[in-house]
Amino acid sequence: APDAWHAALGGDFSGGGGGGGDAPVVLDVRNHYESAVGTFAGATALGTETFKDTYAALDGALAGKPRDEPVYMFCTGGIRCVKAGSYVKQALGFEHVKRLDQGIVGYERWRDGEGGDSLFEGDNFVFDKRADPDAESPS
């Protein structure tokens, strides 16, 4: 959940919010043009052009990492991370995969309701009306 994500990472992905003093692995599972306009500080962008590039990018980003190390993942609305998270668990063998429920959209809605500082820096790239809770749903 967004509140657990915010608390677990301690507001600073680059300085050790994951527990043992080392910065946790935080992956931005969106395409390069989405990451370019906004992301969480300290997150590693996969730099992909399309979703089909994600699996190879995950292989590279997690190569050499211990399989018991927590991996935090986020995307725009959370759907992409469901598939990517399953891949990281099942194909790559990571034991502790955490994904931001409802993605950045859910995090921003939670943060707006709570007030205070957001850990997300920049803009959330969306091509539809998910970021606007008052917008009509597409038919």
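Hi everyone. Some housekeeping before the fold. The model is predicted, so to speak of local features we need pLDDT of at least 70, side-chain atom pairs count only at pLDDT 80 or more, and totals for chains, interfaces and linings use all residues. Residues are numbered from 1 along each chain as its sequence is written, and side-chain values use heavy atoms, with hydrogens and water left out.

Let's start with the whole chain. It has five helices and six strands, and the order along the sequence is α-β-α-β-β-α-β-α-β-α-β. Helices here are DSSP runs of H or I with at least four residues, strands are runs of E with at least two, and both are numbered from the N terminus. Of the 139 residues, 35% are buried, meaning under 20% relative accessible area with a 1.4 Å probe, protein chains only. Among contacts with a separation of 6 or more, 63% link residues 24 or more positions apart; a contact means heavy atoms within 4.5 Å.

Now the sheet. Which strands form it, and in what order? Four strands make an open, parallel sheet, ordered S3-S1-S4-S5. Two strands count as paired if DSSP finds at least two bridges between them. Strand S3 (44–45) and strand S5 (97–99) are at the edges with a single partner strand each, so one side of each has no neighbour in the sheet.

Let's go through the pairings. S1 and S3 are joined by two bridges, with Asp-28 partnered by Ala-45 in S3. S1 and S4 share four bridges, and there Leu-27 has Met-73 in S4 as its bridge partner. S4, residues 71–74, pairs with S5 over three bridges, one of them between Tyr-72 and Lys-98.

Stay with S1 for a moment. Side chains in a regular strand alternate between the two faces of the sheet. Here Val-25 and Leu-27 point one way, Val-26 and Asp-28 point the other way, and all are buried. Helix H3, residues 54–62, lies across S1 (25–28) and S4, at about 155° to S1. That angle is between N-to-C directions on a 0 to 180 degrees scale, using axes fitted to C-alpha atoms, for helices over the stretch in contact.

Beyond its neighbours within four places in sequence, Glu-34 contacts Thr-76, Arg-80 and Phe-125. Thanks, everyone!

Technical notes: Buried < 20%, exposed > 50% of the residue type's maximum accessible area, 1.4 Å probe, protein only.
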